[in-house]
Amino acid sequence: MASCIAVTFFVIDTQLIDHEQSRSEPAVALTHPTVAFSTPKPKQPDILTYWTNQEKKSVQSGYSEAAAAYRNRIAAYSVGLPSISPLTYDWSSIPSPSAEMELYLRVPMTTESPHLAKHEPASGAYIGMLGADRRVGYDVTKIEDVYGRKHALYLAYVGWRKVQTDTNTYFPARTAERVKELGGALQIGWEPRFGLDDVLDDEYVRRFAREAKASGIPIFLRYASEMNGAWVPWHGSPQQYIEKFRLVHDIMAEEAPNVAMVWSPNFSPSNTIDDYYPGDSYVDWVGFSLYNTPYSADKEQLKGTVIDTFAPLYERYRHKPIMISEGAIAHTYLPTNQTYWSWSEGQLGYMYGLLPRLFPQVKAITYFNFSRAQAIRTNGAYVYDIGENPFMDGLYQRLIQSDWFISKVETGVDPISYRYTPVTGQSLPTGKQTVLVYPKLENEQGEPPFAIAIYQGNQLLGVSYEAPWEIDIQVNAESASEPWYAIAYNDKMEPTAVSKK
């Protein structure tokens, strides 16, 4: 587990919110040409134009420090990469490399047609959100206008045995109506707040299921999530939990065929997660709560990313479609009111840029967009609101424009025709290729590279200035046997790390 990952707990005001088969990807040694891919037409401005636009927005919004930071990036970009000979450079002059870099190559997706779970896309990931941020204010109809793209999933919480007074239902019918008008799907955190003894095959559960079916939209039912954490009343008896999960599954299968059952532990503590697994026959999707915060055990911890924490969990459950059922990056620590705007921007790049590409069984990510006001009201320690950090706000909107993210829940939708596989050999195949660099952070400040360049011998093949660090390259036949290098640079254009083969 990365040292910067801290368990984050919330007491959710449900009344307020209600108002409303294992797929292996072996590493390959690349000794022969592969299929070349054309890069899709970019939907967003180039990086320099993006920074220029963000600088103007920051000035207009009164974020002077953010505006200055964007101007610094523009200046560094204009300087360009230093003249460097990778073959003769003294890499020992970097005593503490900032990152350990791994190279991945884009290759065709296999043609096999695996069995898909309920509501599962064949590739890509649904984008979702809890709209508890300052600008959306729980009104899901605002999300597309605020964040620049339609979302597929909308998150709501439902208290056990709670009547929705505006509709006289147990199911959040009003929210479902709004989501249906948006062409979306609903993820429901259904929380047995009175404990597992109160979970019965009774009229409450049956009626909830019938009302879920009547909604006419895809439902992801995240029943009794974070069961591995002692902060919930349904924790502590794995066998009883499994019994009740299976009971709810069977009722939904009988009454509500549009409901996908999501088994969703918290990412920590991880050592008890497996004890609560109900079995493959009862789980449609595996979900995880996944957070990254700048403090752990009241101590600042910035090293690492969510990928460090998530990787071992992924390996255990990759035989199922996986969703980040709620996840977020904290940018403000409320006990000291200290902000970590730049750090959180980099971490967001890992969550939305690299994580779904490195872990293609991640088929949905729902951002827990929780404002400062809501955090204070619920005695939270962190602010996750994207819109309260100008760096995260711009980057989130930029990242979700990727074809990798899906705006409508449709079983079998297949927007991605490729995957990434690790490069293990010293050479690269000839022709046009797209590579991805994963800079695994090693520095205590959690600072990602400003730029990453790929070289072959002394020839520069390409450079990227942003996550997910995808680079289109051309490898000539006469130089194909030369070793490749990935070099990371800071914003002073100084080399800070190298991965050489």
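**Close-up views of a predicted model**

Figure 1. Arginine 207 is partly exposed, with a relative accessible area of 23%. Elsewhere, salt bridges that share partners join Asp201, Arg206, Glu254 and Glu255 into one network.

**Figure 2. The salt bridge between glutamate 254 and arginine 206.** The two side chains meet at 3.2 Å, N to O. This pair links distant parts of the chain: glutamate 254 is in helix 7 and arginine 206 in helix 6, 48 residues apart. Glutamate 254 counts as exposed at 58% relative accessibility, whereas arginine 206 counts as buried at 15%.

**Figure 3. The salt bridge between arginine 161 and aspartate 202.** The closest N and O atoms of this pair are 2.7 Å apart. Arginine 161 counts as partly exposed at 28% relative accessibility, and aspartate 202 as buried at 18%. The model has a count of 20 salt bridges.

Figure 4. Glutamate 226 is found in the loop between strand 5 (219-223) and helix 7 (238-255). At 10% relative accessibility, this residue counts as buried. Glutamate 226 has no salt bridge, and the nearest side chain of opposite charge, arginine 222, is 4.9 Å away. Its side chain makes a polar contact of 2.6 Å with the side chain of serine 289. Residues that glutamate 226 touches include Trp231, Trp234, Asn266 and Glu326.

**Figure 5. Glutamate 326 and the annotated active site.** An unreviewed UniProt entry gives the annotation "active site" to Glu226 and Glu326. They span 101 residues in sequence, yet no two of their C-alpha atoms are more than 10.6 Å apart, so they gather at one spot. Glutamate 326 lies in strand 10 (residues 322-329) and counts as buried at 5% relative accessibility. A polar contact of 2.5 Å joins its side chain to that of tyrosine 157. Among the residues that glutamate 326 touches are Arg222, Ser289 and Phe368.

Conventions: Residues numbered from 1 in each chain as written. Predicted model: local features only at pLDDT ≥ 70, side-chain atom pairs only at ≥ 80, totals over all residues. Heavy atoms only, no water. Helix = DSSP H or I, 4+ residues; strand = E, 2+ residues; numbered from the N terminus. Buried < 20%, exposed > 50% of the residue type's maximum accessible area, 1.4 Å probe, protein only. Lys, Arg positive; Asp, Glu negative; His and termini not counted. Salt bridge = Lys/Arg side-chain N within 4 Å of Asp/Glu carboxyl O. Polar contact = N/O pair within 3.5 Å; in protein donor to acceptor, adjacent residues only side chain to side chain. Contact = heavy atoms within 4.5 Å. UniProt positions renumbered as here; feature names shortened; annotations may be inferred. Lists of a residue's contacts leave out its neighbours within four places in sequence.
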